[in-house]
Amino acid sequence: QVQLVESGGGLVQPGGSLRLSCATSGSIRSIFSMGWYRQAPGKERELVASVTSGGSTYYTKSVKGRFTISRDNAKNTVSLQMNSLEPEDTAVYSCHAHIRPWSRDSYADYWGQGTQVTVSS
């Protein structure tokens, strides 16, 4: 069974940095895209950043220039380096991957359990 496990959330002061990491486990044939979503209280979940197997990246406008997504295709891991954090970045961040397991003939969406990021003084 494919699983995604995040690490690296926590409490940080405005202007600080955090690094989120997401590791995969299970029988994985291939991964097309990996990324990070976030959901703040009372708001809809939004895609923060994503990266394809070919290295194409996407960033939501509010994090461009502050966040950097990176992916290790050999290890099937993805990380999000978050710099210059703002209170508005406070949310639960969830890892997402579009994976084709060996047990399936098609890709499916997989999610981590989520990790809290709180930016506050």
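This is a predicted model: local features need pLDDT of at least 70, side-chain atom pairs count only at pLDDT 80 or more; totals for chains, interfaces and linings use all residues.

Visitor: Where do Asp-89 and Arg-38 lie in the chain?

Guide: Asp-89 is in the loop between strand S8 (77-82) and strand S9 (91-101). Arg-38 is in strand S4, residues 28-39.

Visitor: Are Asp-89 and Arg-38 buried or exposed?

Guide: Both Asp-89 and Arg-38 are buried. For Arg-38, the relative accessible area is 6%. Arg-38 counts as buried because the cut-off is under 20%.

Visitor: Which salt bridge does Arg-38 make with Glu-46, and at what distance?

Guide: The side chains of Arg-38 and Glu-46 meet at 2.7 Å, N to O.

Visitor: And Glu-46, buried or partly exposed?

Guide: Glu-46 is partly exposed, at 27% relative accessible area.

Visitor: New topic. What does Arg-66 pair with?

Guide: Arg-66 forms a salt bridge with Glu-86, side chain to side chain, at 3.9 Å from N to O. Arg-66 sits in the loop between strand S6 (57-59) and strand S7 (67-72), while Glu-86 sits in the loop between S8 and S9. That puts 20 residues of sequence between the parts, so this pair ties them together too.

Visitor: How accessible are Arg-66 and Glu-86?

Guide: Arg-66 has 10% relative accessibility and counts as buried. Glu-86 is partly exposed, with 32%.

Visitor: Which residues end up in one network?

Guide: Arg-38, Glu-46, Arg-66, Glu-86 and Asp-89. Salt bridges that share partners join them.

Visitor: How many salt bridges does the count come to?

Guide: The count comes to four.

Visitor: Back to Arg-38. Which tyrosine side chain does Arg-38 make a polar contact with?

Guide: That is Tyr-93. The polar contact joins the side chains of Arg-38 and Tyr-93 at 2.9 Å. The side chains of Arg-38 and Glu-46 are also joined by a polar contact, at 2.7 Å.

Visitor: What else does Arg-38 touch?

Guide: Leaving out residues up to four places away in sequence, the list includes Val-48, Ser-62, Val-63, Phe-67 and Ala-91. Glu-44, Arg-45 and Val-92 are among the contacts of Arg-38 as well.

Definitions and conventions
Residues are numbered from 1 along each chain as its sequence is written. Side-chain values use heavy atoms; hydrogens and water are left out. Buried means under 20% relative accessible area, exposed over 50%, partly exposed in between (1.4 Å probe, protein chains only). Helices (H or I, at least four residues) and strands (E, at least two) are DSSP runs, numbered from the N terminus. A polar contact is a pair of N or O atoms within 3.5 Å; within protein, one must be able to donate a hydrogen and the other to accept it, and residues adjacent in sequence count only if both atoms are side-chain atoms. Contact means heavy atoms within 4.5 Å.
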